[in-house]
Amino acid sequence: MQSTVNYLWHTDDLLGQGATASVYKARNKKSGELVAVKVFNTASYLRPREVQVREFEVLRKLNHQNIIKLFAVEETGAGRQKVLVMEYCSSGSLLSVLESPENAFGLPEDEFLVVLRCVAAGMNHLRENGIVHRDIKPGNIMRLLGEEGQSIYKLTDFGAARELDDDEKFVSVYGTEEYLHPDMYERAVLRKPQQKAFGVTVDLWSIGVTLYHAATGSLPFVPFGGPRRNKEIMYRITTEKPAGAIAGTQRRENGPLEWSYTLPITCQLSMGLQSQLVPILANILEVEQAKCWGFDQFFAETSDILQRGVIHVFSLPQAVLHRVYVHAHNTIAIFLEAVYEQTGVAPQHQEYLFEGHLCVLEPGLSAQHIAHTTASSPLTLFSTASEPPKGLAFRDPALDVPKFVPKVDLQADYSTAKGILGAGYQALRLAQTLLRGQELTVRGLHWFVEMLQATCRRTLELARMALLFLSSSLGPERFSGVAGVPELQDLKRTAELRSRLRNLAEVLSRCSHNITETQKTLSDLCSELVKNRDQHPADSVLFGQDVPHLQTVQEIQNEASSPGPRAVCSADRSHA
């Protein structure tokens with residue numbers, strides 16, 4: 001056990017460990033309140049005095065809901081080691097969230113937006129106070145659950161932070177390899193002498209890597225063998241990256257570098273959000289500091305995303321649910337263009353249904369006039385143009401199932417189990433997406449058929465009225481000429497007119513018959529759609545049973561990763 005005047009902790013309750021300090025879960029001796037204590041080791045005191053006290057001074061200066069709170073600075077009783085008493089975040093870090101198998105391919109869209117909002121707000125507070133963090137990464141972004149169960153992310157670990165204005169530079173090197181700006185990487189990791197000074201935009205590079213990691217579950221720059229094993233290629237990827245590229249990989253030893261300008265298809269973010277996010281990543285993952293965005297532009301662009309509202313649109317031609325991001329002050333014309341970018345259906349060919357009713361969108365009106373939508377109650381889009389259906393584009397999850405290693409290797413087994421779980425969750429999400437798409441398609445087609453039936457009824461009524469009028473017009477001939485004798489020219493015109501009316505009556509009669517037949521066909525189709533909709537399994541295997549199965553496998557995997565069960569598992573494998 002260790003303690004200060006007001007706080008007590010057990011050294012087994014380790015939350016994290018670094019080169020100069022360890023973080024433990026502790027309690028207030030009087031209130032029992034849980035806190036996190038950062039205990040500095042002897043190596044930390046070898047640093048210059050101004051560096052030792054810098055973290056205390058920085059945290060005392062900051063006060064924001066997305067920055068970890070500093071409660072007190074105390075000392076241990078015996079060793080008189082400095083102790084920072086801070087806010088305790090019980091839900092781990094963003095890294096631990098991303099390490100969970102269900103997030104192997106990135107966070108869900110709503111959770112990613114929470115991360116984006118919290119990181120941007122926290123960084124904005126740092127810049128307002130002239131602070132550069134210098135070690136932004138998922139492990140230094142803690143997660144706390146709010147009173148209503150919502151995630152709140154907070155920046156932490158200000159050991160490398162210092163005061164620095166926008167026009168100032170620094171030369172000391174801090175940070176974590178995978179998230180380091182290439183200029184800092186060259187000096188800190190490759191140990192190459194260079195006289196470059198660094199500015200506040202190095203934090204933007206780290207934010208870019210962090211956001212890509214959160215969106216995809218993977219690092220953006222990956223050489224063959226991994227970033228830690230192939231450092232020279234890692235540096236090449238980051239420095240040779242073409243403008244606009246947001247990721248680079250090397251798939252085989254000494255192989256070519258491959259660039260990506262979009263997020264991977266396995267990403268959970270909608271195309272609507274991706275189209276807003278990718279330009280931000282491309283401009284902050286820019287190695288040349290002169291070309292890299294500044295914080296002002298980064299904050300402006302992220303704020304632009306976060307201030308937009310979401311309109312859910314289900315495209316019948318694609319059987320895909322889209323999320324369209326627009327501002328409340330945007331016109332409906334802008335919304336229609338955004339739909340076109342995602343679906344390929346031109347604005348003049350877009351028709352919408354909402355809850356079974358035709359929804360007429362006037363381009364000149366504000367987007368605020370569009371009905372409130374949700375994922376389960378979207379606008380249903382159909383196209384008046386003749387276009388082939390496209391369907392949902394996806395990657396087969398089986399391609400991401402790792403291969404088993406045919407030898408006893410506990411770490412490899414753990415990684416394989418984790419990879420299989422990740423692929424399993426991805427397959428589950430894909431199946432759920434396809435089933436929801438099927439449900440929305442059946443519902444949309446049902447509404448569309450009902451609309452056609454209503455149109456048929458109106459058309460048939462008009463046709464019958466026209467036939468009645470024609471019948472009365474084709475009654476006995478009446479002429480009024482001089483002395484009761486019609487002129488020959490009038491007789492000819494009358495005969496021609498009566499002939500045309502008879503032809504029109506025949507056409508209308510055939511149309512009425514066709515409409516009646518169409519009505520019968522639509523009625524049968526509607527019955528089939530209703531039957532399919534009613535037979536849709538609300539508690540299907542995919543929705544009701546596979547999640548517990550995956551969770552059970554994950555529990556087994558978590559047990560296998562703990563010290564006790566590992567030995568048992570290894571012994572069982574060896575015995576077998």
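I started with burial: of the 576 residues of the chain, 44% count as buried. Buried means under 20% relative accessible area, exposed means over 50%, and partly exposed lies in between (1.4 Å probe, protein chains only).

I noted the ground rules next. This is a predicted model, where local features need pLDDT of at least 70, side-chain atom pairs count only at pLDDT 80 or more, and totals for chains, interfaces and linings use all residues. Residues are numbered from 1 along each chain as its sequence is written, and side-chain values use heavy atoms, with hydrogens and water left out.

**Whole chain**

I listed 15 helices and 18 strands. Helices (H or I, at least four residues) and strands (E, at least two) are DSSP runs, numbered from the N terminus. I then looked at contacts, meaning heavy atoms within 4.5 Å. Among those with a separation of 6 or more, 66% join residues 24 or more positions apart. The chain exposes about 30,400 Å², and carbon and sulfur atoms supply 53% of that area. Areas come from the Shrake-Rupley method with a 1.4 Å probe; for residues, only the protein chains shown count as cover.

**Lys38**

I looked up Lys38 because UniProt places the feature "binding site" there, in an unreviewed entry. Such positions use the numbering here, feature names are shortened, and annotations may be inferred rather than shown by experiment. Lys38 is in strand S4 (residues 34-40). Is Lys38 buried or exposed? Lys38 is buried, because its relative accessible area is 8%.

**Positive phi**

Asp157 has a positive phi of about 55° although it is not a glycine. Asp157 lies in the loop between strand S9 (151-155) and strand S10 (162-163). With a relative accessible area of 28%, Asp157 is partly exposed.

I also checked Glu355, another residue other than glycine, with phi near 50°. Glu355 sits in the loop between strand S16 (350-354) and strand S17 (357-359). Glu355 counts as partly exposed because its relative accessibility is 37%.
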